[in-house]
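Work through the exercises below with the model open. Each task is followed by a stepwise solution.

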Amino acid sequence: MIDKSLIEAQNARRLAALQSDYAALGEHLARRGFNIDAIKKKVGAYGIAIPSWGVGTGGTRFARFPGEGEPRHIFDKLEDCGVIQQLTRATPTVSLHIPWDKAPTADLLGKASDLGLRFDAMNSNTFQDQPQQRSSYKYGSVSNADAPTRMQAVEHNLECIEIGAKLGSKALTVWVGDGTNFPGQQDFTRQFDRYMDSLHAIYAGLPPDWRLFTEHKMYEPAFYSTVLQDWGTNYIIATELGPQAYCLVDLGHHAPNTNIEMIVARLISRQKLGGFHFNDSKYGDDDLDTGSVDPYRLFLVFNELVEAEGKPGFTPAHMLDQSHNVTDPIESLMVSAMEVQRAYAQALLVDRAALHAAQDDNDALMATTQLKTGFRTDVEPILAMARLDAGGAIDPVATFRAAGYRARVAAIRPKVMGQGGGIV
Ligand SMILES: [Mn+2]
């Protein structure tokens, strides 16, 4: 963890400027009818989960270039997540991936408690084979034509629920790589029927206060068809499974230029939006840093979420899901968590009454201007003040660099040459 006195010293250098910027923004927002402290409170309470695998350096299907001081195991990963939370105060939870993060639950709970972290949704892994595994997932997992293979995949998901229940998790996210690479390789309908049978068995194992998130993805690792390829199929699945089943939207899992905010609105309207995997993309499932390419799209998603705030049962889960190939993963995750909070703050600064009035008047220009006004607001003083209030850093990246954390852990964590990114 980062020394508290270093954070305080770093903050002291930036405090006067922040107070001045915050006061100026407060005045500006008051003229627009917003109370800056109320916005800050909401932003400060907005948490985003860090995926355990995100703190390692990612890779592509061509190569992986390991970074300095990468985490060796789940306890190193938790420490890195602890630093991200310590500086940003935006990431109070960690999402585990089984079996990568398997460890005695008492040790996991103890470490998380020491670091001020909790556990978010559990993630199952049936897209690769593990040593000593009975059946291979080469031709699919929960939808495999072979019944014992499907059963093995179901059992793995039930084990994830069992582990998660001990850790205080309340959700299971199921993403599978099942699909085909050739027309005719599998019968679409029979494959999907097998998927549904398996998911029914997993759903039956949910504790009553748990949610099941199914995550659609258009393509990859299968490149001709994917068993759960889009939000429509995802909606069918969540609806057929029952009230504890929800759709998870990974921003990168759609065709380029897909209107994702509209998908979000549709799922909200039918009470089936379970949550998000945040990232950004240019061409496909690029897993680029959240908000790095198209921050306006992220804002438009949050515009829908703010519009739905307060609806009964509306509690979407939020996780970053991105691959860091050329940056320090801790720095990228800190910046991305702040980008999520930024989009939320900007969406909170849309004049909803004026927006609705313009929509009712068919005044397209004024309606879209209301959105732009929110998006154009520089909310950085709100985010920084929320962090400061919570004991975090005014400038997390500068403070992280000043602390020399990466060099310190690099001295005790050897470089691991590995293949593949392990990003879902
Ligand atoms: Mn994902």
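**Exercise 1.** Describe how helix 2 packs on helix 13.

*Solution.* Start with the axes. Those of helix 2 (residues 36–44) and helix 13 (residues 380–389) come within 9 Å and cross at roughly 65°. Axes are lines fitted to C-alpha atoms over the stretch in contact, with angles from 0 to 180 degrees between N-to-C directions. Helix 2 is therefore roughly perpendicular to helix 13 (the class covers 65 to 115 degrees). The crossing is right-handed: the near helix is turned clockwise from the far one by less than a right angle.

Residues are numbered from 1 along each chain as its sequence is written. This is a predicted model: local features need pLDDT of at least 70, side-chain atom pairs count only at pLDDT 80 or more, and totals for chains, interfaces and linings use all residues.

**Exercise 2.** Which residues of helix 2 and helix 13 meet?

*Solution.* Helix 2 brings Ile36, Ile39, Lys40, Val43 and Gly44. Helix 13 brings Ile382, Leu383, Met385, Ala386 and Asp389. Contact requires C-beta atoms, placed from the backbone, within 7 Å. Now sort the residues of this contact: seven are nonpolar, one is polar and two are charged. Asp, Glu, Lys and Arg count as charged; Gly counts as polar.

**Exercise 3.** How many helices and strands does the chain have?

*Solution.* The chain has 15 helices and 12 strands. Both are DSSP runs, numbered from the N terminus: helices are H or I with at least four residues, strands E with at least two. Next, take the box: the C-alpha atoms fill roughly 65 × 60 × 40 Å along the principal axes. Last, sequence separation: of contacts between residues at least 6 apart, 79% join residues at least 24 apart.

Conventions. Contact = placed C-beta atoms within 7 Å. Parallel < 35°, antiparallel > 145°, perpendicular 65-115°, else oblique.
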